[in-house]
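Please look at the sequence and the structure below before reading on.

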Amino acid sequence: MTTSLDRIFNVSLVGVGGQGILLTSDVLALAAMHAGLDVKKSEIHGMSQRGGSVISQVRFGAKVHSPIIPDGQSDVLVSFERTEALRWVHLAKPGAKILVNDMDRIPVTVSSGLQAPVQDLDRRLAAYPGLKLVDANPLAIQAGNLRAANIVLLGALSAFVPFAEEHWQSALRERIPAKLLEVNLRAFAAGHAAVG
Amino acid sequence: MKKLLSANQAIAWAAYRAGCRVAAAYPGTPSTEIMEHVAEFKGAIDCEWSVNEKVAMEIGVGASLAGVRALVAMKHVGLNVAMDPLMTFTYVGAIGGMVIVNADDPSMHSSQNEQDNRSLAKFAKCLLFEPADSQETYDMVTAGFELSEKYQVPVIVRTTTRTAHTSTIVDIGSGERGDVPGIPYVKNAQRNVAVPAHGRLMRFAVEKRSVALRELTETTAFNRAESGAGELGIVASGVAYQYVKEVFPEAPVFKVGLSCPPPIERIRAFAAGVKRLVVIEESDPVLAEQIRAAGIPVVEPQTELRMMELNPARLAALRAELLGTPALEAPKPEAGIPVRPPVLCSGCSHRGPFHILSKLKTTVCGDIGCYTLGSAPPLAAMDTCICMGAAIGAAIGMRKAGLPNQRIAAVMGDSTFFHSGMTGLLDVAYNKIPITVMVFDNRITAMTGHQENPGSGHTLLGEISTQVRVADVARAFGIQRVHEADPYDLAALEKIFLECLDSGEPAVVVVRGPCVLHEKWAGKFINEVDAVKCTACGACFRIGCPAIVRGAAKDPAGKRFQSRIDPQFCTGCNLCAQVCKFGAISPAK
């Protein structure tokens, strides 16, 4: 079964190095390919392992040209952490779904006192009507491994992306090592249920 | 067979399918993954991490002259290092197909400059491809091997960070290894020995070849006109083509895939069919200048397009200027978000020596690697950083300039030392320069993602190999004052650094400690702060460890904070306890 789309669908995934963002966007892009769509996945990760911000963008549709999503045109923004959600919220379309892992990774500039933390983070995030906080960490632990929090978020994202279940399943099976597959399938289902 | 591949992966697949037999590279973002993916085909392609890009290029040259297909890969500044062999190899000419992948980095996501290496292809009179996605990268590398053999020319494929790290769908055909027999080697000094008498003959051959390459570029399907509507015609190359198709969907476009030499006559014909011609290319106006020089009028827009990566929003601004359409409306970013810069990891072996260099007010000529992060506050322990290996030459120059500060050090990592620091160190020894060369040896090429090097004891394929000790190299060069030091013992480091910096003679200190990310080591304990003893003096914050975070406010005004140690990030390296004068930091119970 293939998916047909009359426009380009844009997803931006943001967070901090080490949170599994690139694997998550890999699975999303593979699912798009399995759904019979053209797809581009673009990421900037030069110094990500050393605590920097990471951003990955996935676009799919009948024919995708630019690998970069223009600001304000992401149909869904997925943030793996709350401060990064606010940093990148301008990527989202007005009213777009904004899925945020309900956790904080404090920037070292703040924890060491060089910069002030974000003022009113709760209130400023809540001002976006599409915001949906996801308890990805506890759900991942329930599924069997905290490190599957990224796949919980992918499951949540899947509720807003027009792919058939089989395409998600085949992409997960292709990209996740066999011994971690069961945990990740549970994490994916839990994420989907959390926003369903 | 269709696969979702980054351009870097597509290059490896193309090399495998095209029967490439030899591949060599030095790691550098965004090109690093190319050789890691080539290594997946290790039985078919002989591949290695070379010591530097010049050696990689020379390996490609030798393989090509021996009649087999060769791939070399490097980032843009790596090609600077490899220009010497390239500039004469282009005279000698390829025999087996020779493809050079050069990854430019517009916007300098991970580089010290933004040079546009398309100019170097023109300089070297080579062919240059500019792919716009992974499929084109695959096709251009494949064609590159064939054209290199047909025209006896080195072929450069210029990716950029955006194409290198974007995954798109690629048809890799059967996916099977291509059967390409090597070309039998024939000894031929007139052809392969570049001495003046032969070089003059080659010089004429290069010009003759350039005529043939200009004919090729006027006929190849990699250059094509795409029809459209409207008075504005666009010439576009590389990933800029994708932004053009997105933002100017109706416009006639001339897509340049083989951009050196440029297809001037076809662009002239295309220009004749439109009222105005604009050239959209990433970085320097390489194509625009050549098109203008051929007498074809090109619009020079006001919109700035020469610096940093292009994107759809920037092209929308150009469209607004040229066609009067509205610019893209985008929401404004939220203000007041603290930055998240890359930092030295907690437990990093570079932190201690930088702390001591800073404390001793040393003038530090730095280099390229993770340790360049030591230039940032609060360590702020670096005066210069130019290019791979430049630390030592720059430090020699500072000493010769008569800098009042007697304490001058050159600092570089192990991989950088092997890449291009050894020659500088030999200059120190030979010319008896009283500086201290410090090699921060974490036994891996860390910044680009942990690639093996001659100090790590392993090859690209993970085979056990010689493990070169930097101290042995220094002694072999005749330097008398050579130390190895533990990065986690601050008192001992200070003593050794002082002795060397104030010795008035050439000295080498090798600070040896494995990369904490690579070997994932952890100490036997994690530290905690005693809230009774902590005076909120701030000393531990000045080592810049991400595990040391703000604790409770100490003074009544609430301005100075005690420290707290985040147990999630503490590795037990114990540097913080050594800088605390009040004994407030000790292992957690």
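In what order do the four strands of the open sheet β9-to-β13 in chain B lie? The order is β9-β11-β10-β13, and the pairing is mixed. Strands β9 (224-226) and β13 (276-280) of chain B are the edges, each pairing on one side only. From one strand to the next the twist averages 20°.

The model is predicted: local features need pLDDT of at least 70 and side-chain atom pairs count only at pLDDT 80 or more, while totals for chains, interfaces and linings use all residues. Residues are numbered from 1 along each chain as its sequence is written, chains are lettered from A and ligands numbered from 1 in the order in which they are written, and side-chain values use heavy atoms, with hydrogens and water left out.

Strands (E, at least two residues) and helices (H or I, at least four) are DSSP runs, numbered from the N terminus. Two strands pair if DSSP finds at least two bridges between them.

Strand β9(B) runs antiparallel to β11 (residues 253-256) of chain B, and three bridges join them. Within this pair, B:Ala225 stands opposite B:Phe254. Helix α13 (residues 312-323) of chain B lies across β10 (232-237) and β13 of chain B, at about 165° to β13(B). Such angles run from 0 to 180 degrees between N-to-C directions, with axes fitted to C-alpha atoms, for helices over the stretch in contact.

**The seven-stranded sheet**

Chain B also has an open sheet of seven strands in the order β3-β2-β4-β5-β7-β6-β12, with mixed pairing. The twist here averages 20° from one strand to the next. Helix α3 (residues 53-65) of chain B packs on this sheet and touches β2 (22-25), β3, β4 (70-75) and β5 of chain B; the helix direction makes about 165° with that of β4(B). Strands β5 (residues 98-104) and β7 (residues 155-160) of chain B run parallel and are joined by six bridges. In β7(B), B:Val155 is the bridge partner of B:Val99.

**Domains**

Chain B is divided into four domains, with bounds that come from an automatic or database domain assignment.

| Domain of chain B | Residues |
|---|---|
| Domain 1 | 2-219 |
| Domain 2 | 226-323 |
| Domain 3 | 351-519 |
| Domain 4 | 527-587 |

The centres of domain 3 and domain 4 of chain B, taken over C-alpha atoms, are separated by 29 Å. Between these domains, 11 residues of domain 3 are in contact with 11 residues of domain 4; contact means heavy atoms within 4.5 Å. About 830 Å² is buried between domain 3 and domain 4 of chain B, and carbon and sulfur atoms give 68% of that area. Buried area is the accessible area (1.4 Å probe) that two parts lose on being put together, summed over both.

**The chain interface**

Chain B contributes 52 residues to the contact and chain A contributes 51 residues. The two chains, B and A, bury about 4300 Å² between them, 61% of it on carbon and sulfur atoms. B:Glu334, B:Pro338 and B:Arg340 supply 19% of the area that chain B buries against chain A, more than any other three residues.

**Cysteines**

Over all chains the structure holds zero disulfides, a disulfide being a pair of cysteine sulfur atoms within 2.5 Å. B:Cys500 is buried, with a relative accessible area of 1%, and B:Cys573 counts as buried at 15% relative accessibility. Buried means under 20% relative accessible area, exposed over 50%, and partly exposed in between (1.4 Å probe, protein chains only).
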